[in-house]
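Please have your viewer open.

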Amino acid sequence: MGLTREQFDIIYNKYNDKRLNNTIRQNNRLQDIYEKIPEIKECDLEISSLSITAARAALNGDTSLKAGLKDDIAQITEKKKALLLSNGYSSDYLDPVYDCGFCQDTGFIDGKPCECLQKEITRSLYTSPELEDILQRENFDTFNFDYYSDSFIDEASGTSALDNIEAVVDYCQYYVKHFEQKHGNILFYGKAGLGKTFLINCIAKELIEQSYTVLYLSAIEFFDLLSGLTFKKENSSFFGQITMHELLQCDLLIIDDLGSEMANSFTDSALFDCLNNRLIHQKSTIISTNLSLEELKQSYSERIYSRVLGGYMTFKIFGDDIRIKKQTSN
């Protein structure tokens, strides 16, 4: 669990930039005030002179000046604040400038990550620029059970679409809550337009906000990435920056819409190797597909089918096409 070295370096440099930029802002403010209110510059010079005099005396064994220095500086500081206020500035205008006043742009409070650092980590764990916006719209809080009918009955199970999705969502929330202990894998299957991707987004959002690394790829992106990594192809896209280590070791790998890719001997072998490696190392994977289990068995090798059926919780999603329902309700 956690950041890659590259992600850590980006955040570390961002905090360095914050401190540098804010130091520049503070210095610019100070120079501007010195020009507009020369008395403040005189106050700072007086504080500097008093501090130097007290330090020199202390070196010679006389600590009497040092004892009163704190009170002298406090009086001059109050004079500076009064000068700022009388000239239309806030009394803290010359105080150090911080983006986050809690950690003072260090990222840590008493050795523990500040909330601002936690947010930066969360942002860095989103695996595409668009995903963060999507997950703000598609999550457990916005999941709508009204799209699933209690009169739509699945012939195989005898269960209604509504009862089924309620059970699936319950499991998804359990999965998120116990993710660290369970390291489970999920297969969502069923026809298009039934909310499989929405369910995946619900899980992804919760885990990303807990600072787990979530790698979210469509099946086409997944196999393009594997091809590039296997054959060392140049790739300038965002997904081209992902390494094989990250693909195999991220906390959760999501492969959305399996079966939409152009299948061949490479995709079959590469998929098995990836899924098998993640199972061996207890790394969680979630797959969605529009294929039925029988179609999945026909489309991929027996060993892939066996790995998925043996190592994944499988959930059939059924009901009316939600996209059509949305269009007709508008």
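Is D105 buried or exposed? D105 is buried, with a relative accessible area of 1%; buried here means under 20% relative accessible area, exposed over 50%, and partly exposed in between, using a 1.4 Å probe and protein chains only. Before we go on, a word on the ground rules: this is a predicted model, where local features need pLDDT of at least 70 and side-chain atom pairs count only at pLDDT 80 or more, while totals for chains, interfaces and linings use all residues. Residues are numbered from 1 along each chain as its sequence is written, and side-chain values use heavy atoms, with hydrogens and water left out.

Back to D105, which sits in the loop between helix 3 and strand 1 (108-109). Helices (H or I, at least four residues) and strands (E, at least two) are DSSP runs, numbered from the N terminus. The phi of D105 is positive, near 65 degrees, in a residue other than glycine. Most residues other than glycine have a negative phi. A second case is Q282, where phi is near 55 degrees, again a positive value in a residue other than glycine. Q282 lies in the loop between helix 11 (265-280) and strand 6. Whereas D105 is buried, Q282 is exposed, with a relative accessible area of 55%.

Now turn to helix 2, which runs over residues 38-59. Its 22 residues reach 32 Å from the first C-alpha to the last, close to the 32 Å expected at 1.5 Å a residue; the expected span is 1.5 Å times one less than the number of residues. The buried residues of helix 2 are I40, C43, D44, I47, A54 and A57. They cover an arc of only 160 degrees around the axis, so they lie on the same side of helix 2; the arc is that of the directions from the helix axis to the C-beta atoms. Among the elements covering the buried residues of helix 2 are helix 1 (5-36) and helix 3 (64-86). Helix 2 is followed by G61, with a positive phi near 95 degrees.

Helix 9 (residues 219-231) is our next stop. With 13 residues, helix 9 reaches 18 Å from its first C-alpha to its last, close to the 18 Å expected at 1.5 Å a residue. A219, F222, F223, L225, L226, S227 and G228 are buried in helix 9. Their cover includes strand 4 (214-218), helix 10 (244-249), strand 5 and helix 11.

Two residues let us look at this region in detail. A219 is buried, with a relative accessible area of 0%. A219 and I255 are 36 residues apart in sequence, yet 5.5 Å apart in space, C-alpha to C-alpha. Not counting residues up to four places away in sequence, A219 touches I255, D256, D257, L258, G259, S260 and E261, where contact means heavy atoms within 4.5 Å. T267, found in helix 11, counts as buried at 4% relative accessibility. Leaving aside neighbours within four places in sequence, T267 is in contact with F223 and M262.

In strand 6 (residues 284-289) we find T285. T285 counts as buried because its relative accessibility is 1%. Beyond its neighbours within four places in sequence, T285 contacts G184, N185, I186, L252, L253, L275, R278 and Y312.

On a 1 Å grid over the protein atoms alone, a cavity is a set of points where a 1.4 Å probe fits but cannot get out, and a pocket is an open set with protein on both sides within 12 Å along at least five of seven lines; lining residues have an atom within 4 Å of a point. Grid points are joined across faces, edges and corners, and a volume is the space filled by probe spheres set on the points.

The largest cavity has a volume of about 30 Å³. Its lining is made of L187, L258, I287, L296, I304, Y305 and V308, with the largest share, three residues, coming from helix 13 (residues 302-311). The second largest pocket holds about 400 Å³ of space. Of the 20 residues lining this pocket, L194, G195, K196, F198 and R323 lie nearest its centre.
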